[in-house]
Amino acid sequence: MTERIPSSGTSTATAAAGQDDRPPPPRLAYDWHTWKEIAHLLANLPVALFGFTYVVTALFTSLGLTITVIGFPLLAAALMGARLLGRMERARARALLGVRVDEPSRLPLRGAGGLLPRLWMSLKDPVGWRTVLYEFIRLPWGVLTFAITLTSLFVLWPVLPFIARGLANADRAMVRALLSPSDELERRIAELESDRGVVVDTAAADLRRIERDLHDGAQARLVALAMGLGLAKEKVLEDPDAAAAMVEEAHGEVKLALQELRDLARGIHPAVLTDRGLDAALSAVSSRCTVPVKVTVDLPARPAAAIEGIAYFTVSELLQNVSKHSAAKSASVDVWRTNDRLLIQVWDDGRGGASLDGGTGMKGLAERLDAVDGLFVLESPEGGPTTITAELPWRDRTDASDANNR
């Protein structure tokens, strides 16, 4: 059984639009759909005149001023205005032609960084440029459809429904081809939005876990320790032997609290990973596994601290599953780099049958990897063995990340 976590992302409704928004067949007797198509065709000329005038004026003015400082910002603003024209055209097509085309997502300008990255993102906006092309070709088409429809309304009115349907279908094709969202861009934006939600949820869950562990573990022991030391202080003069016993007990509580704090710190980011890297950290994790584990790390250099941490916790959680659920006799962990990807493979000879929804945390782990543009592949037939391959983007380690990590 092989399972691959599906990459997040959504597809636009335009693929099914041809089946969902088909009007009824044209008839000699005019119906409501025919009148809406006629209204759309007659409105083509004034709308096309407005759009063509805007595009020619704004585009050529900004292009002519590109030799100055304000040329490119004006061109970016013109493309943003073209986006608004496209929105109006989509609304008109929805109201009169029944064409359901998804609205393109807004440009993620806030996450683009400084002024120049935002300007470049606006200048290469495919939605804006396709709207400009749409407005250019609409003027001759608007003149043609207006003339044919107006003439047919008085001369060829018996067959006007069929003429209007043919012209309106051409309009529908133009709207779907030029005013629909960019599939790849929309897919990537949807993935990033979904991944951001996964990252936020994961961070919130980790914070709740740390708070719970502190409250139920080390904090409770420290409170008991304070109370015990307070009682020992009261008895130190009255009953020195009892006070010494209480101090000895408090000393044991201190050791347990320190151990719990170490375990909690290891769960956040172990010191061995920071100081010595993945090889040493994964060897330490494998030594705590109930199954003998062979660890092989073949990396030319250490990756970025964030990628290194994700790789560590991925292997740690997978080895916990091996200990708890696999009934394996041996296991192995291999880590290597291929081009710009960090690959991790965890294998065990257990009973197999693992799945993404089997209650072992595999699904959550796969979602975390997907949130950082990673990949999670599970191959676990009944009877075993189980092979899990995780893939992460490789980012080089920088001095700044090292300093922050320390």
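A residue counts as buried when its relative accessible area is under 20%, as exposed when that value is over 50%, and as partly exposed in between. Keep this in mind as we walk through the structure, which is a predicted model. Take Phe52 to begin with: its relative accessibility is 26%, so Phe52 counts as partly exposed.

Now let us step back to the whole protein. The chain folds into 13 helices and 6 strands. Of its 406 residues, 39% are buried. The accessible surface comes to about 22,300 Å², and carbon and sulfur atoms account for 62% of that area. Contacts also tell us how the chain comes together: among those between residues at least 6 apart in sequence, 74% join residues at least 24 apart.

Let us look inside next. In soluble globular proteins, nonpolar side chains tend to be buried together. Here, the largest nonpolar core has 34 residues, and Val333, Ile344 and Phe376 have the most contacts inside it. Several helices and strands each supply at least two residues of this core, including helix H10 (278-287), strand S3 (331-338), strand S4 (341-348) and strand S5 (375-379). Helix H11 gives the most to this core, with 7 residues. Apart from this core lies another one of 16 residues, and Ile38, Leu41, Ala93 and Ala168 are among them.

Back to Phe52 and its partner. The model has 2 aromatic pairs. In one of them, the ring centres of Phe52 and Phe136 are 5.8 Å apart and the planes meet at 85°; planes over 60 degrees apart count as edge-to-face, so this pair is edge-to-face. The pair links distant parts of the chain, since Phe52 sits in helix H2 (residues 32-64) and Phe136 in helix H5 (residues 126-154), 84 residues apart. Phe136 has a relative accessible area of 28%, so this residue is partly exposed.

Tyr312 and Phe313 form an aromatic pair too, also edge-to-face, with 5.1 Å from centre to centre and 80° between the planes. Is Tyr312 buried or exposed? Its relative accessible area is 2%, so Tyr312 is buried. Phe313, at 28% relative accessibility, counts as partly exposed.

Finally, let us visit the outside. Leu150, Phe154, Val155, Leu156, Val159 and Phe162 form a nonpolar patch on the surface, with about 570 Å² of accessible area together. Leu150 lies in helix H5, the helix that holds Phe136. With a relative accessibility of 34%, Leu150 counts as partly exposed.

Key:
Residues numbered from 1 in each chain as written. Predicted model: local features only at pLDDT ≥ 70, side-chain atom pairs only at ≥ 80, totals over all residues. Heavy atoms only, no water. Phe/Tyr/Trp six-rings, centres within 6.5 Å; stacked < 30°, edge-to-face > 60°. Helix = DSSP H or I, 4+ residues; strand = E, 2+ residues; numbered from the N terminus. Buried < 20%, exposed > 50% of the residue type's maximum accessible area, 1.4 Å probe, protein only. Contact = heavy atoms within 4.5 Å. Areas by Shrake-Rupley, 256 points an atom, 1.4 Å probe, with all protein chains shown as cover. Patch = residues over 30% accessible without salt bridge, like charges linked within 9 Å, V, L, I, M, F, W, Y side chains within 5 Å. Salt bridge = Lys/Arg side-chain N within 4 Å of Asp/Glu carboxyl O. Core = buried A, V, L, I, M, F, W, Y, C linked by side-chain atoms within 4.5 Å.
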